[in-house]
Amino acid sequence: MSLQTKLLNLVLNLVDVLLRVPPLFIIDELFRIGLGIPIGQNPLSESNDTFITIDSVDFESGLSNAILTQNDIQFYKILLILIGKFVIASCCCLAALCTFMLLREHLLIVYMYLISVGVVFVSYWGNVTTVKAILGSVQDGQSILEELLSFNFDNLTKNGVGMILFENYIAQIILSCVFSYVHLGPKYPILQKIWPITFLAPSFLCLLPLSPSLLNHSPVFAAVLPLAMVKFILWSSAFTIIQTVYGGYLHARNFISNFGLSALMETEWMRLNVPCVLRTFWILRLAEHALALHHQVGFDLGSIFTACKALLISGCETLTAVLGMTSLVSYLCHYIGSFFQWVLLAEDEEDKSIGTVSAILFYILALQTGLTGLDPEKRFIRLCRNFCLLFTALLHFIHNIVNPLLMSLSASHNPSLHRHVRALLVCGFLIVYPVSLLGYLWAHHPMSTWLLAVSAFSVEVIVKVIVSLLIYSLFLLDAYRSTFWEKLDDYVYYIKAFGNTVEFCFGIFLFFNGAWILLFESGGAIRAGMMGVHAYFNIWCEARAGWSVFMKRRTAVNKIESLPEASEAQLASHEDVCAICYQEMRAAKITRCNHYFHGVCLRKWLYVQDRCPLCHDILYKIESENDPKVIDGHFPRQEEEGEMAR
């Protein structure tokens, strides 16, 4: 692909992103006003107060009945107004969402239509402003044309009428050219020549000594023809719009029937480039608020923190703003993961999932804490706490990157010293940073449910890192041993069991901590749902899996202990290696089919199946010790079969 093609694709992608940002601003503004329902106040408070007053009135009097009827009418009137506002706002939100999902060529058509409508109204506003300025400056019986013909420019320049009229001429010429280019109606040559005359007509009429009423109505008559064209375009395109929407519906239904809903969502997510659009929307929104704040109070070194605080508060006041912030957080977390991938010289794709998981976690935290509905000061505090929880979760993601690398370095006898040093430095960071964070938080904040949650996450990651380092050390010791270390598997199991037990206990603690928050601090359906998910996946499923592993291991140990131990004479006469690990046998277990294996290797094999790796006979169903056929740990009845299998 050539450089020119790459630049063209980059520009097209940038245009596509910018075209999808304005619908998000419309949705954001609709959410900011609560979809037409006043937020933080009772819109029917006046009616309710009236009802409370009426309760103390004697209802037997006709006057009270009349007042009650009047307030009933007022109540239902306010209720209907609120319902109407909500319906209109919801329809606008749905229309903006549909516009957001359009194809690029359809988006261009929509914007061209909206620009043509906007040009008409800007032209009307400019003509109205010019007419009012001229009528207020020119005396009765005089006209600008007479002043121009008599070369009396002093009066024109003194009142500024000439400059206002000249600016309006230039603006109307530009607007007429834009309208003639972007409108989607038929572009007949006669109409294309009429547009400049239509837009400039009020300005020309201002030169003549006409009555004020005629001049005041001239902008309306000038806008009639362009608005008629806009209306004609809308009516003529109605069938095409319906056909496009229906075609999109058919496409989505066929896609779902063939590939499933998740595939459709993933395809549309990639086509719309949602993360990039959300980031662009949030950055532009933040820039808009920063400019407004600078215009109001200005910025200096002393107010930078206050300004940043105000921008963060306004940057998460609506659900769409939280989505934009989530996209930016995901972007930053992705590069944090990439940085640690670079430090560790790792080649897997774990860092790509960090951004996605971080985004989901941050948005769930925002929803379950009711971030958008809090007061500004409480919202800032809650946002900082959510960031702290997110950074603590990032430590677990980083551990998920470094842990398999540690295991591979120790198990593969990797001689690359600098890779070991890099991995150990990251592990050191994963221990030092949580300890420092906990020290700072406990020194500057009182004990709370949030602090307990952060502490649990931090201690959990410290324990996980220590477990990884212990297993890494055991594997390194095993790498430098010249003999087979039969107890290694037991030590690894005990260390992992300790780590999993600690993690399980912290899961139970976090569940009760969340239950306390749900019952006594800030309940909600989202928090209750997340607690249910946590209880099922992190407590019940983990407990069931851990118990299953424990039972399998205990059963395997019992099966192995039921097998006879090989004596030194038997090992010397056998003089072979373990058929599972190919290591020398200084101790071995004898199966009922008279095969020799390391006890630990045979135990691992029993995790998979109960049959001998060589002859596939049942391993643990041996005859009783009193059976005369069992002599000194041997199975003479199957000696010949065992020899043939070997």
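The expected span of a helix is 1.5 Å times one less than its number of residues. Helices (H or I, at least four residues) and strands (E, at least two) are DSSP runs, numbered from the N terminus. This is a predicted model, in which local features need pLDDT of at least 70, side-chain atom pairs count only at pLDDT 80 or more, and totals for chains, interfaces and linings use all residues. Residues are numbered from 1 along each chain as its sequence is written, and side-chain values use heavy atoms, with hydrogens and water left out.

**Helix H14**
- Helix H14 covers residues 319-344, and its 26 residues should span 38 Å at 1.5 Å a residue.
- The end C-alpha atoms of H14 are 37 Å apart, which agrees.
- Leu 345 follows H14 and has a positive phi, near 55°.

**Thr 130**
- Thr 130 sits in helix H4, residues 104-137.
- Thr 130 counts as buried because its relative accessibility is 5% (buried means under 20% relative accessible area, exposed over 50%, partly exposed in between, with a 1.4 Å probe and protein chains only).
- A polar atom of the Thr 130 side chain lies 2.8 Å from the backbone oxygen of Gly 126.
- Leaving out residues up to four places away in sequence, Thr 130 touches Ile 164, Leu 165 and Asn 168 (contact means heavy atoms within 4.5 Å).

**Two asparagines with positive phi**
- Asn 273 is not a glycine, yet its phi is positive, about 55°.
- Asn 273 lies in the loop between helix H11 (261-272) and helix H12 (274-296), and is partly exposed at 30% relative accessible area.
- Asn 594, also not a glycine, has a positive phi of about 65°.
- The loop between strand S1 (589-590) and strand S2 (596-597) holds Asn 594, which is buried at 2% relative accessible area.

How values were computed. A polar contact is a pair of N or O atoms within 3.5 Å; within protein, one must be able to donate a hydrogen and the other to accept it, and residues adjacent in sequence count only if both atoms are side-chain atoms.
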